[in-house]
Amino acid sequence: TRTRAQVPPHGSYGLPDLGSMTTAVLRASACCIEIHKRLHMFDTGVDNVRLCLHIGVGCGEITMLQVGGIVPPETHVPRFEYIIAGHPIEQISIAEPLAKNGETCLSPQAWWHVQDAVLEDTSRVLDRPDFHLLWKMNEGM
């Protein structure tokens, strides 16, 4: 019989459990890289329009509220809205504009969690030196 090695929760075989926030930021970073590979300059098929992406990543605790439930006069369906608040939203509001098309910018809080697992793009200096551009995953770790 063959036994299977147990894979840690973050899906990185051979690494110890990194903790939920580090795992989340690591997965988000990997997703950003993959999104840029697959969708940056994506041809929409409409009038030569291409999809250009720039992404900001933050991390921390958020609060999500669902408000509403009132039926507006123009419909018979209750209307709900969602509100998301917390420090990660502020981090993203700074990081996203720092990223140019094709780039992902991480807040200092997000960078702290993944700095040993990713490589930084140092090709240009950001207006906020505490924020970092993500280049790629450090596959040699």
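Helices (H or I, at least four residues) and strands (E, at least two) are here DSSP runs, numbered from the N terminus. The model is predicted.

Q: How many helices and strands are there in the protein?
A: From the N terminus on, the elements run α-β-β-β-β-β-α-β-α-β-β. Taken by kind, they are 3 helices and 8 strands.

Q: Which residue in β8 is the bridge partner of V118?
A: Strand β7, residues 118-120, pairs with β8 in the antiparallel sense, over 3 bridges. V118 belongs to this pairing, and its bridge partner in β8 is M137.

Q: Which residue in β8 does C105 stand opposite?
A: Strand β6 (residues 104-106) is joined by 3 bridges to β8 (residues 132-137), and the two strands run antiparallel. In β8, the residue opposite C105 is L133.

Q: At what distance from the ring centre of W135 does K136 lie?
A: A charge counts as sitting over a ring if NZ of Lys or CZ of Arg is within 6 Å of the ring centre and within 35 degrees of the ring normal. K136 lies over the face of W135, whereas the structure holds 0 aromatic pairs. The distance of K136 from the ring centre is 4.6 Å.

Q: What share of the residues of the protein counts as buried?
A: A residue counts as buried at under 20% relative accessible area. The protein exposes about 10,000 Å², of which carbon and sulfur atoms supply 56%. Of its 141 residues, the share that counts as buried is 28%.

Notes. Residues numbered from 1 in each chain as written. Predicted model: local features only at pLDDT ≥ 70, side-chain atom pairs only at ≥ 80, totals over all residues. Heavy atoms only, no water. Phe/Tyr/Trp six-rings, centres within 6.5 Å; stacked < 30°, edge-to-face > 60°. Pairing = 2+ DSSP bridges. Buried < 20%, exposed > 50% of the residue type's maximum accessible area, 1.4 Å probe, protein only. Areas by Shrake-Rupley, 256 points an atom, 1.4 Å probe, with all protein chains shown as cover.
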